[in-house]
Number of protein chains: 2
Amino acid sequence: MGGDHAPAETVAGAIMAAHDGVSVLLVGDRARLTSMLPADVSLPILHAPDVVGMDEAPVHAIRRLPNSSMNVAMRAVASGRCGGMVSFGNSGAVMAAAVFALGRLPGVERPGILAPLPRADGGRLFVVDCGANVDSKPRHLAQFARLGAAYVSARGGAPRVALLANGDEDGKGDARVRAAAPLMVALGGRYVGLMEPHVALAGGCDVVVCDGFVGNILLKTAEGVAAMVAGMLEGAVAESVRARTDYARLGGGMLIGVDGMVTVGHGRSRADAVAMTLRMAWEDVKRDMLGSFRTAMVG
Amino acid sequence: MGGDHAPAETVAGAIMAAHDGVSVLLVGDRARLTSMLPADVSLPILHAPDVVGMDEAPVHAIRRLPNSSMNVAMRAVASGRCGGMVSFGNSGAVMAAAVFALGRLPGVERPGILAPLPRADGGRLFVVDCGANVDSKPRHLAQFARLGAAYVSARGGAPRVALLANGDEDGKGDARVRAAAPLMVALGGRYVGLMEPHVALAGGCDVVVCDGFVGNILLKTAEGVAAMVAGMLEGAVAESVRARTDYARLGGGMLIGVDGMVTVGHGRSRADAVAMTLRMAWEDVKRDMLGSFRTAMVG
């Protein structure tokens, strides 16, 4: 029910994903959702009478509306009815609802958001934390690093994990990064050191770890510059660049460190981005990503 | 003498700038510099026998090489012989040499680097601090804001100054930004609040203030994404995008808060970027930018 183009685009995307084999349960106002389903399409609906607004104060909204679509969907995950939940709504409220309903994984003090960016070499750069926390402690960065490494490993890759910094020499970084660097030895050969964002974006690593304030600045700077450059171009070339740098179509962010699979899609997602986000969440549920996270934190 | 393509490209750029009316003094090894000047070109040279390497530890290098081109140029500013100095060399060493030779302006605890980025609306976004400091205190951000506002004012604009943040609502920002926000009232109507990077890049403000670690991440993310998108394109379109997003050609960064005009050009600057950087420094010297900075800090 949440998102800039909800529920119409969300439902349309869910239909696309279901067509591709994703097992989808819609959560929200039954009458409104039913009215958006074409006559020949049937998707199960879990009724939730309330909706958290995009601008509501997260914790307040979650407490005030226990039967909001967000809380009802989160409880469907907590009870085991669903393998994961995807929301395009108020991301702060998603985080609050997730921690409240699912709790944290053992060994995780603060859940973070992991989000993909396109890399110049055609790969993906996973940034964690993209904004779930500010004022992280060094040990929180170390926890993000373990979760990020587990994420790439579970997807079949050999993760190269870096600490985001203003240079790669010893002594670079701010106080937080300098204190986090020694904690990265637990990653063994998967830790590749401090790395600047342009090096990471060129393909220098798979996971870049940072405080959520910094990661949010990185993400929104990347979006802003990609949009600006696309704006300099015309016609088909502009469309091609927009498609290849559309962060919404990369699958949204994942809330990592909670005891359940929760995906935070872009609020501005249209149907195709919704479908892509659902497909990615579905793949992660099928490969038991949560089990990988749990193992990474106790290991 | 410093920079990835020095001294050949630096001298070539200096000749271009001199041709445009900039009064240039070359500082460095007289024999090498003389050999790079065409027979029909004459530029004054101030001899300096030593060179600070690009990878040398800044403070150590500055102390070890009192007669490096960097130190000699800085003393030429301190003595009043030159209105300003421009370096394409080791930026950390430039900062150390500047503070050592010129000192700080009254009211400035930590000099910062102010650097321009292209905005989607055709204007420039000036980011301060771009990396001179990490672990800034909130009052340092307030000082950067006053200097940044003075910079845009002296160039004839009505500055809109924002604090870089992960959202624009009350309560956004990390602890540093939240503590800095109340200090911004000294700017009066020039302060426009917290602002996200994509909003600033779209034209939402003229000066965005942040800690140097964060500003450096912003700058290098912008460069990385612009390079990546240009890499997706071909031929003339790619060249056009590269030209319009070439951060070296925007004139480099200015070290603000020291008692002298010091410009930190991009190390990878070619002749045209060197010439542009020299022209911008020259314009700022002619408009007595340093006097504007001094007034802003005592006012």
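User: In this predicted model, what makes B:Asp20 and B:Arg279 a salt bridge?

Analyst: The closest N and O atoms of B:Asp20 and B:Arg279 are 2.4 Å apart, and because the cut-off between a side-chain nitrogen of Lys or Arg and a carboxyl oxygen of Asp or Glu is 4 Å, the pair counts as a salt bridge. The pair links distant parts of the chain, with B:Asp20 in the loop between α1 and β1 of chain B and B:Arg279 in helix α11 of chain B, 259 residues apart.

User: Why is B:Asp20 called partly exposed?

Analyst: B:Asp20 has a relative accessibility of 45%, and because buried means under 20% and exposed means over 50%, B:Asp20 falls in between and counts as partly exposed.

User: What makes A:Asp259 and A:Arg294 a salt bridge, and which parts of chain A does the pair link?

Analyst: With the closest N and O atoms 2.6 Å apart, the pair meets the limit of 4 Å and is therefore a salt bridge. A:Asp259 sits in the loop between β9 and β10 of chain A, whereas A:Arg294 belongs to helix α12 of chain A, 35 residues apart. A search of the whole structure finds 34 salt bridges over all chains.

User: Which salt bridge is found between A:Lys220 and chain B, and how many cross the interface?

Analyst: The side chains of A:Lys220 and B:Glu196 meet at 2.3 Å, N to O, and because the limit is 4 Å, this pair counts as a salt bridge. Across the interface of chain A and chain B there are 4 salt bridges. On the side of chain A that touches chain B, α7, α8, α9 and α10 each supply at least two residues, and α9(A) gives the most, with 14 residues.

User: Why is A:Thr221 called buried, and which residues of chain B does it contact?

Analyst: A:Thr221, found in helix α9 of chain A, has a relative accessible area of 0%, and because the threshold for buried is under 20%, A:Thr221 is classed as buried. Leaving aside its neighbours within four places in sequence, A:Thr221 is in contact with B:Pro197, B:Leu201, B:Leu218, B:Thr221 and B:Ala222. Chain A and chain B bury about 3300 Å² between them, 76% of it on carbon and sulfur atoms.

User: Why does B:Met54 count as partly exposed, and not as buried or exposed?

Analyst: B:Met54 has a relative accessible area of 34%, and because this class lies between under 20% for buried and over 50% for exposed, B:Met54 is partly exposed. B:Met54 lies in the loop between β2 and α3 of chain B, and its contacts beyond four places in sequence include B:Gly2, B:Phe88 and B:Gly267.

Notes
Residues numbered from 1 in each chain as written. Chains lettered and ligands numbered in written order. Predicted model: local features only at pLDDT ≥ 70, side-chain atom pairs only at ≥ 80, totals over all residues. Heavy atoms only, no water. Buried area = accessible area lost by both parts, 1.4 Å probe. Helix = DSSP H or I, 4+ residues; strand = E, 2+ residues; numbered from the N terminus. Buried < 20%, exposed > 50% of the residue type's maximum accessible area, 1.4 Å probe, protein only. Contact = heavy atoms within 4.5 Å.
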